[in-house]
Amino acid sequence: MRMPLVLLFAAAAGHAQSFEFWPGAQYEAAIPAAEKVLGYKIGDRVAPPADLVRYFEALAAAAPARIKVFDYAKSWENRRLIYAVVGSEANLRRIDGIKAAQLRLADPRKTSPEEARKLMAGLPAIISLSYGVHGNEISSPDAAMQTAYHLLASRNDKVVQDILSNVLVLIDPIQNPDGRNRFVYNFEANEGLEPDPNPAAAERAEPWPGGRANHYLFDMNRDWFAMTQPETRGRVRYLNEWLPLVYVDLHEMGTDSSYFFTPGSLPYNPNLTQDQIDQMKWFGQNNAKWFDQFGFTYFTREVFDEFYPGYGASWPWFYGAMGMTFENASVRGLVARRSDDSLYTFRESVRKHFAASIATCETAHIHRERLLSNFYKYQQTAIEEGQRDAIKEYILPYAGDTSAVDKLGHLLASHGIEVKRATAAFKNSGKEYPAGSYVISLAQPRKRFVRTLIDPETPLKADFIKEQERRRKKRLPDEIYDVTAWSLPMNYNVESAAAAEVSSGSFEPVKPNTEPAPGGVSGKAEVAYLVPWGTQAAARFLTAALRADLKILTANKPFKQTGRLFPSGSLILMVKHNPASIHETVAKLAAASGAHVVPTNTSWVDDGIDFGSNNVSTLRKPAIAMLWDSPVSSLSAGQTRFVLERQYGYPVTVLRAPALATADLNRFHVLIFPDSGSASGYGSAISPAAQDRIKAWVRAGGVVIGVGSAMTFLSSPPMGLLAVRQEGSAREAAPRPADTSKPPAAAPAASPAPGGASAPAGGAPPPGKILANQEDFDKAIVPDNQLPDPVQGVLARAKVDPEHWITAGLPPSVYVLVSGRNIFSPVKQDRGVNAVVFEGPEKLLAGGYIWEENRKQLAYKPVVVVQNEGRGVAVGFTVDPNFRAYMDGLNVLFLNSVFRYPYAGRGAGASHTERE
């Protein structure tokens, strides 16, 4: 092994050989330091994920009475995710009892105040320290190793002794091993003779997609309420087992920054309690004490807010805990040169996260009794509020996309929310709800989480909004960190009813971490199997049936049979057009997909189109390609691929932009351009020759789909596949002065200006304008040409054209997530169809905060544009239908664009045989 590279820049580290993470600390030789296990000291290298796991296993082998390691999940790339529990021997011996007591404390309906006081007297404060959710934020996982070592190996350290006696510390050393592995690979592949501090050095400048995200390129610090990723689901499961009183998520930020810890910045989620807000100061002040002692600078109450419930540090708030984000200046390697020309080392960055970790443990020890008391009080007051508030329950009626209703009900239960499912029809407030509906009582410990996830609106405070409008007026960036709307029923496009009464009837509890009941077939068909379209389950059935090579018809108009309505898009599987095994195959696919398949013994329909109508099309098994790598937005690409591959089980071929110039496009039926994040991205990355090849492929029968800014590329003059234009801002500016570029023929020569100054070069100055008031001034300084101000994420209503193939199975309206500044003009009737369009200005906003100009300008603008081109078609989504893979209510719409084009497979330069 080569000499540790850190020795080559010892001066920058303050003489690495004498470096101390905790000055004066003495350690037991029986507890192995990292160097003995891994061959290098903490801070000398960026530890790969496997080394992190190996070191924690070594600590557990050396001190089995004081640390235990548990597996909680595996990543997409099959890497282990672990957490360690560190504490005194006495506390480790009674782990199961501590967990059980904590769960009893979390439910005052089962635990009286007197019983709670007895429990609290003997309980340690459980805290959870979680490191490395963003794989390229590299200092925190190494700090996790140093934290565990310090707690286990310290000798005669009163701070550590107090922590171990009164605190049980859960350490999750690497939340995103796949992303970290990607970073480490790039770093090590580009290392040279010595660490390079230059910001542009290849070892520090990551190629696309970088190490931040997981395998499917998800930002897992936005995934907590959606729980789409296995890493997140595993964490939620074990946190619900322990319910730690304190949860810290340790991150990194820019190299020139210092360190951030709580209190967090405004806005705060209105469902936080005053006790929780007050507790932030306890931890901030103790962190500050140690940072002052070590000479570290820091900041609080800026940038990192407490509003969006999908952060790792937000989720614990809603079971009554403390959630905190710590942000450290990043090195992104072993050494970085800051803008003031100073050097900042990886080892120094590790030390800051380590110090904050120990300080947090100490704070939990100091405030153990109050943390436990406030935790119990949180549950009490939540139940009391739920009993007192006007809304007593939320009901999810079993209607519309029932598979989405099922998924949402089970998701809520997996969060630890109490959910009941009706086993028979019932009434509430005079309205009848069918069996299968879900009921969520507000009189429960997770009441505030229910309100946060289901309320149509989580309001921002008026003074915060006023400040953002003031900043916008001065063209200052707003202070809204993430989306401002996320109501899960809207995301899923299912109904939720706020009930003022408590429902009575027959109900069964929904168990956490379980799947909805499987689908099925209600008999053996003689003529055909029918699958009503418009649900996630039907879409899963379709993709599985295509992969099973079944022959599938789709009705492009609705029909009725035996009194049942089958909407447009419904699937028809003719028994005699398929193999003899179709009965067994359909039963298996129905059970796995959740679809309810209807057998029919006749092709006769009561109303609507017949099975042999020209309005019935054969669905082909499409080969799907998608753009990947620069200039594609990694988030958009990852979530699009994830929806197709993991939520609907259909493979995607990913292509890099240069491949479009050489790849045989005739092998594909569908080509998806995810959002690129910039208007010029694709235009500059795809050569003119490749653009011509794409256009020819579409005209021959291909389906091209553009998302977000990809619409700018598809509508650009060289491509011309979508006859729309991206709009500039409708924000009112002052009227332009008259055109003076062509002065009158007899214009006199310019005279010297007063004071001897000459008139402006190129002719006479523009005519003067009197600004009579502040409003005139405000209009005068608005730029002549600008894009709309970016929106930070709102839910908007859009209306659906029911007669188009791309909207088959959809309800009359859908909710969409609007983020950014993309607003496009509608396509003209002679060029295409605006298949989904934003509602008018008064109905448009469903949730969140939107600038007034954007609200007015978005009204009646397209969400989905479809334009035929030769035998093919171009589809444009002005918003991303797969945003964070939690806009489930748009799944059918997106899948229609991929699978339902009536003419898919009829050309694109290849025969059916070649393309099937």
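What pLDDT does the chain average, and what share of the residues score at least 70? The chain averages a pLDDT of 93, and 93% of the residues score at least 70. Here pLDDT is the predictor's confidence in each residue, from 0 to 100.

This is a predicted model, in which local features need pLDDT of at least 70 and side-chain atom pairs count only at pLDDT 80 or more, while totals for chains, interfaces and linings use all residues. Residues are numbered from 1 along each chain as its sequence is written, and side-chain values use heavy atoms, with hydrogens and water left out.

One is residues 1-15, with pLDDT below 50 and 26 contacts in the model beyond near neighbours in sequence. Residues 904-916 also have pLDDT below 50, and this stretch has 26 such contacts. Contact means heavy atoms within 4.5 Å.

**Helix pairs**

Two packed helices are described by the angle between their axes and the distance between the axes. Axes are lines fitted to C-alpha atoms, for helices over the stretch in contact, and angles run from 0 to 180 degrees between N-to-C directions. Helices (H or I, at least four residues) and strands (E, at least two) are DSSP runs, numbered from the N terminus.

| Pair | Axes come within | Crossing angle |
|---|---|---|
| α17 (residues 536-547) and α25 (residues 891-899) | 10 Å | roughly 25° |
| α10 (residues 274-294) and α12 (residues 368-388) | 11 Å | roughly 160° |

α17 and α25 are therefore roughly parallel to each other (angles under 35 degrees). α17 passes α25 in a left-handed crossing, the near helix being turned anticlockwise from the far one by less than a right angle. Gln536, Ala539, Leu542, Thr543 and Leu546 of α17 meet Asn891, Val892, Leu895 and Phe899 of α25. This contact has 6 nonpolar, 3 polar and no charged residues. Ala, Val, Leu, Ile, Met, Phe, Trp, Tyr, Cys and Pro count as nonpolar, Asp, Glu, Lys and Arg as charged, and the others, Gly among them, as polar.

α10 is roughly antiparallel to α12 (angles over 145 degrees). α10 passes α12 in a left-handed crossing. From α10 come Asp275, Gln276, Gln279, Trp282 and Phe283; from α12, Arg370, Leu371, Asn374, Lys377 and Tyr378. By class, that contact holds 4 nonpolar, 3 polar and 3 charged residues.

**Salt bridges**

The structure holds 49 salt bridges. Each is a side-chain nitrogen of Lys or Arg within 4 Å of a carboxyl oxygen of Asp or Glu. One joins glutamate 252 to arginine 332, with the closest N and O atoms 3.2 Å apart. Glutamate 252 lies in strand β5 (residues 246-253) and arginine 332 in the loop between β9 (322-329) and β10 (335-337), so the pair ties together parts that are 80 residues apart in sequence.

How values were computed:
Parallel < 35°, antiparallel > 145°, perpendicular 65-115°, else oblique.
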